[in-house]
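Work through the exercises below with the sequence and the coordinates at hand. Each task is followed by a stepwise solution.

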Amino acid sequence: MKKLFTLIITTILIVFQACQPPVEKGVVENEEQLRKAIEIATPGDEIVMKNGIWKDIEILFQAKGEKENPIKLKAEEAGKVFIEGSSNLRIAGEFLEVSGLVFRNGFTPTSEVISFKKDKNNLANHCRVTNCAIQYFTNPERFESDYWVGMYGKNNRFDHNALIGKGNQGVTMAVRLNTEESRENNHRIDHNYFGPRASLGSNGGETLRIGTSHYSLTFSNTVVENNYFDRCSGELEIISNKSCGNTFKGNVFYECKGTLTMRHGNETLVENNYFLGNNIANTGGIRVINESQTVINNYGYGLKGYRFRGALVVMNGVPNSPINRYNQVIDSKIEGNILIDCDHIQLCAGSDEERSAIPQNTTFNKNIFLTTTNPKPFTVYDDISGISFNNNLINAEAEAPIKIGFSSVPYEVAETSNGLKIPGQSLLEKIAIKEPQLPVSKDEVGPDYLNKDIDVKRLSSGKEVKVLPGENTLIDAYLKSSPGDVLVLSDGEEYLLTKDLKISQPVTLRGTGAGKPVVKSQKSAFFKIENGGSLALENLIIDGAESPDQPGNSVVSTSKYSMNKNYNLFVKNCVVKDLDVNHTFDFLKIAKHTFADTILIENTQMTNVTGSVISLDKEVEDLGIYNGEYILIHQSTFRDVQGAVANIYRGGTDESTFGPIVRFLENEFSNVGKGKRNKIQASVSFHGVQNALVENCKWTNSAPINLHLTNGEPITIIKDCEMDNSGGIVANRNEFKTENIKISQ
Ligand code: CA
């Protein structure tokens, strides 16, 4: 009996074990199976992760494969294994390959999403990550810093991946050289799709960085080839090269607001890269710093950036430069580059008392410059005698930096079948340069399963939806709307909000006809823009009459919390009135660590406001962080506003951002900024604004304009303005331009 019992048990056990999914090879279904499979993996094994969502998983892929028999960790089907929540991946060992994984809906609990190391003693060598994607896997805290990919060790490859939509601080991808084992690494980064990265409004928005200033004289020997950088506009440096011996070849930079910057390190090869600016502001090309740099056969079209983000920038250095400053350009070669309709080529850029070491022993030959958009594309900031110019071509309408070494040619531009603008054949033949051709297309990069047509939903891009007047009808309509929809309000009717209208996608509220609809609210804010939201108000009357009798109301507020997506706010043809039930009733109230791409107020009248209109002043630590890129106010009138119409603050001395950029055109300010709670005692205050134009504006009985100019050679122009009994312009320095200003008491 006992024997029989034992036999049954044994049989049950065997059957039970046979039912267990095999873990040695084949598909693993959960974290425990995955861990075991990795633990026992031997060369040639494939560990397959089952399709579906893997949540809150920190994968350590540590194993030892062989050159001919790597160990593979792959998705059951590429693009169908989703890593979500608080998750990451570390790779350590040799000859390992990861493919097909998608990181989304979450962020890493550590400082990296994919790391080519377990810890500082266990690195990855001869490993590969391919056909993977990281999409919006971004920390909700905007200034909580992390990397999406950290490369360590040697001889690793990162290819055919996609990195899309990083919104928090920190380089998207970094190659680190901090230990001997990660130097002279021969990594290969190729055929990746680097998707859109919005302006961070701070340093730390680079897409790729190789090295750091500390190890900048160390050789990395990383090759970056045939990648596609699509609207990578996080900050001034798209790529920050900070080590020696790297190659950037055959990459495409599509409408990126920044440059490939040779920030530190020598012997860099920058060859056959294509910068397609398409006439978009702040798009840039190549910035040359340091020694023995080779910049050949690159192409730029419609690059509009200036100063450090020009189409081609050769910097001045610091004599005996500390390792973290600027080394002099020496023994460098700039040859065979083609720039068409690019506005700014800067030589000896950054020249100042500190950066006084001019470029030396550098050649500038056989380059072609064709432009009709800026007749004086070159700016020479210092002595260019250390650069020899030979056989360069420039069209007759444009001015060369010096006479010798440039031939004047006609502006001959042809277009290839795929729309690339190229110099006429005769010009190419004249200096024996081959015809430009895009080195890689968007179809040839990134994971095979991924649609790379990233559709950014814009304001007013959706359908029109009629909204009946009444209580909270706007909220009901918003909740049913799709991103980009336009909610159309009825002529002259009233819309009351008794609850918060929280906006987390782009939406437009539009009145039509002459009798504007009226919007009132009983809450502290009419509209709350949350992460992902953008708002347009068009042809409306915004009336504060129903707002609660308490201080600190606003018409529009941002989320109270950090936002890792930028927002837009457009106000057109509106009347904003009686924001005066109590004190400090602002038009826009923002929170720290939020960022507006564009705030536009156009053809709008605002009267009786006890607070301010736009205060972008929450980043007070002077770290170069700020709250908005473009602030545009056109043809608008502000009357009886106790606070400032605009208080824009960017503190610190960081040079890695473009903004804030301000345009105030044809506005009137009457009795603005004189309230006793207006601590800045100005109607308009620009602190550290990088580019400001105030034109055709009139002040009456108002507080002055305050200018606080900081570093970065800010451009500030105030022209054709009248200031009547308004205190004029109060500035800390006088490096701003005024023209035709009438000041009367
Ligand atoms: Ca930077």
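**Exercise 1.** State how many residues of domain 1 are in contact with how many residues of domain 2, and describe the interface.

Step 1. Contact means heavy atoms within 4.5 Å; by that rule, 5 residues of domain 1 touch 5 residues of domain 2. The model is predicted: local features need pLDDT of at least 70, side-chain atom pairs count only at pLDDT 80 or more, and totals for chains, interfaces and linings use all residues. Residues are numbered from 1 along each chain as its sequence is written, and side-chain values use heavy atoms, with hydrogens and water left out.

Step 2. Take the bounds, which come from an automatic or database domain assignment: domain 1 covers 21–227 + 236–250, domain 2 covers 274–438, and domain 3 covers 535–744. Over C-alpha atoms, the centres of domain 1 and domain 2 are 35 Å apart.

Step 3. Compute the buried area (the accessible area, 1.4 Å probe, that two parts lose on being put together, summed over both). Domain 1 and domain 2 bury about 480 Å², with 63% of it on carbon and sulfur atoms. On the domain 1 side, Ser213, Leu217 and Leu236 lose the most area, together 66% of what that side buries.

Step 4. Search for salt bridges (a side-chain nitrogen of Lys or Arg within 4 Å of a carboxyl oxygen of Asp or Glu). The rule finds 0 across the interface of domain 1 and domain 2.

**Exercise 2.** Which residues coordinate the calcium ion, and at what distances?

Step 1. Collect the donors (N, O and S atoms within 2.8 Å of the metal, or 3.2 Å for Na, K and Ca; water is not among the atoms, so sites may look incomplete). They are Asn203 (OD1), Glu206 (OE), Glu235 (OE), Glu235 (OE) and Glu237 (OE), at 2.3 to 2.7 Å.

Step 2. Along the chain, the donors of the calcium ion have the spacing N-x2-E-x28-E-x1-E. Asn203 sits in the loop between strand S20 (193–194) and strand S21 (208–211), while Glu237 belongs to strand S24 (residues 237–242), 34 residues apart. Strands here are DSSP runs (E, at least two residues), numbered from the N terminus.

**Exercise 3.** How many salt bridges does the structure hold?

Step 1. The total is 32 salt bridges. One of them joins the side chains of Arg510 and Glu464 (3.2 Å, N to O).

Step 2. Locate the partners: Arg510 is in strand S50 (residues 506–511) and Glu464 in strand S45 (residues 464–467), 46 residues apart.

**Exercise 4.** Where is the residue Asn671, and what is its phi?

Step 1. Asn671 lies in strand S66 (residues 668–672). Its phi is positive, about 50°, although Asn671 is not a glycine.

Definitions and conventions. Helices (H or I, at least four residues) and strands (E, at least two) are DSSP runs, numbered from the N terminus.
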